[in-house]
Amino acid sequence: MNVYDWLSHMDVPTSQRFDVVEVKFKGGRKEYFRNINQLEFITGDYVVCEMASGQHLGTVSLQGELVRLQMKRKNVVISDDLHVIYRVATEKDLDKHTQAMAREMPTLYRTREIIRELKLNMKLSDVEFQSDNTKTTFYYSSEERVDFRELIKQLASEFKVRIEMRQISLRQEASRLGGLGSCGRELCCSTWLTDFKNISTSAARYQNLSLNPAKLSGQCGRLKCCLNYELETYIDALRDIPTVDAPLKTKKGVATLQKTDIFKKIMWFGFEKDTNWYPVAISKVLEIVELNKNNIIPESLEILTPEPEKGADKGPQKLNSDLENLDRKYSEEQKKKKKKKNKPRNRSNNTNKPQTTPSPQ
């Protein structure tokens, strides 16, 4: 959840500074706190913050006017009810926080054992201890409603802290755990993405992607969030692409649409019993569709020569066809004569060649 303060170079008087600071906690969780003591912070400083039960330690992620914009975007109301920042963390505070973090992994494993003993249908993904060791938050995911009253009793008696069970979605679980995506980079949900929007398979269809669940799903088991990144660009480009409802009819055969190159505006068609695909520009596709609507069949996808009409006069056409037949006849006779003249020459050449006799061994 890295952020860049692009207003940090601007010097604002202390009296005019926005007194709300954004603080980041474990798992990328961010909350807003008031800086009533006018403390000087640098992004990344550890601060001790007020919580509903005790205090917790986090890092400053954003301050200044950008916090006002973030709160406006997330519809967070600025009021006196916001918690405050007590102080900059000391070495003693950091030691307590380190001890609290050291308890998280053993608690996670022990809680999973208790869940298996109680046979609860839930997946525990993370545990977060408050810095003062007075409260523990358990993050879990489940597809059904879970009755964990008995679980809370056992956890409270064993760890001697206040227990809070918080259900999260699979996307939030992936953002807390982190990892690398198929692109080779760190997961978007664990670095910068905060709003999880619904993603449908239509996003993959618009982008001409194969509907392969193994390739389209992320580590959370849901469709990848990056399918929505370029969706609007594809939708804008598809406005110029015609919809071919039926195969194109040509004298060469019936051409079926195989794929579409949206940005180059080329449509690829294939004929029956032919493994090759032929690229056709969108303008020509529209012309062929109009010809087929008028019951006109072109020569091929490249040559749009319409078929002659049946009721037309055939007088001049017959005359031209006779002349063409005569030309073909005389041209074929001339070729035959040339072949006859060339045959004896070849034979004489063959006879004049000296015959070689095998030498006696």
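This is a predicted model: local features need pLDDT of at least 70, side-chain atom pairs count only at pLDDT 80 or more; totals for chains, interfaces and linings use all residues.
Is threonine 107 buried or exposed? Threonine 107 is buried, because its relative accessible area is 3% and the cut-off for buried is under 20%.

Where does threonine 107 sit? In helix 3, which covers residues 104-118. Now its surroundings. Set aside the neighbours within four places in sequence. Threonine 107 then has contacts with Val127, Phe129, Phe138 and Phe159.

Phe159 takes us to the next helix. Helix 4 spans residues 149-159. The axes of helix 3 and helix 4 come within 11 Å. They cross at roughly 145°. The crossing is right-handed.

Who meets whom? From helix 3, the residues are Thr107, Arg110, Thr111, Ile114, Ile115 and Leu118. From helix 4, they are Glu150, Leu151, Gln154, Leu155, Glu158 and Phe159. By type, the residues of this contact split into six nonpolar, three polar and three charged. So much for that pair.

Next, helix 1. It runs over residues 65-73. Which of its residues are buried? Leu66, Val67 and Met71 are. These residues lie on the same side of helix 1, because they cover an arc of only 140° around the axis. What do the buried residues pack against? Three strands: strand 1 at 20-24, strand 2 at 30-34 and strand 4 at 54-63. After helix 1 comes asparagine 75. Its phi is positive, near 60°.

Strand 9 is residues 248-249. It runs antiparallel to strand 10, and two bridges join them. Leucine 248 has alanine 255 of strand 10 as its bridge partner. Four residues lie between the strands in this hairpin. Glycine 253 there takes a positive phi, near 150°.

Strand 10 covers residues 254-261, and strand 11 covers 266-271. These two are antiparallel as well, with six bridges between them.

On to strand 12, residues 277-281. Five bridges join strand 11 to strand 12, and the pair is antiparallel. Isoleucine 266 stands opposite alanine 281 of strand 12. This hairpin has five residues between the strands. Lysine 273 takes the positive phi, near 60°.

Glutamate 272 lies between strand 11 and strand 12. Is glutamate 272 exposed or buried? Glutamate 272 counts as exposed, because its relative accessibility is 63% and the cut-off is over 50%. And which residue is 17 places away along the chain, with its C-alpha 7.2 Å off? That is alanine 255.

To recap the two single residues. Threonine 107 is buried, at 3%. Glutamate 272 is exposed, at 63%. That's it from me.

Definitions and conventions:
Residues are numbered from 1 along each chain as its sequence is written. Side-chain values use heavy atoms; hydrogens and water are left out. Buried means under 20% relative accessible area, exposed over 50%, partly exposed in between (1.4 Å probe, protein chains only). The arc is that of the directions from the helix axis to the C-beta atoms. Contact means heavy atoms within 4.5 Å. Two strands pair if DSSP finds at least two bridges between them. Axes are lines fitted to C-alpha atoms, for helices over the stretch in contact, and angles run from 0 to 180 degrees between N-to-C directions. A crossing is left-handed if the near helix is turned anticlockwise from the far one by less than a right angle, and right-handed if clockwise. Ala, Val, Leu, Ile, Met, Phe, Trp, Tyr, Cys and Pro count as nonpolar, Asp, Glu, Lys and Arg as charged, and the others, Gly among them, as polar.
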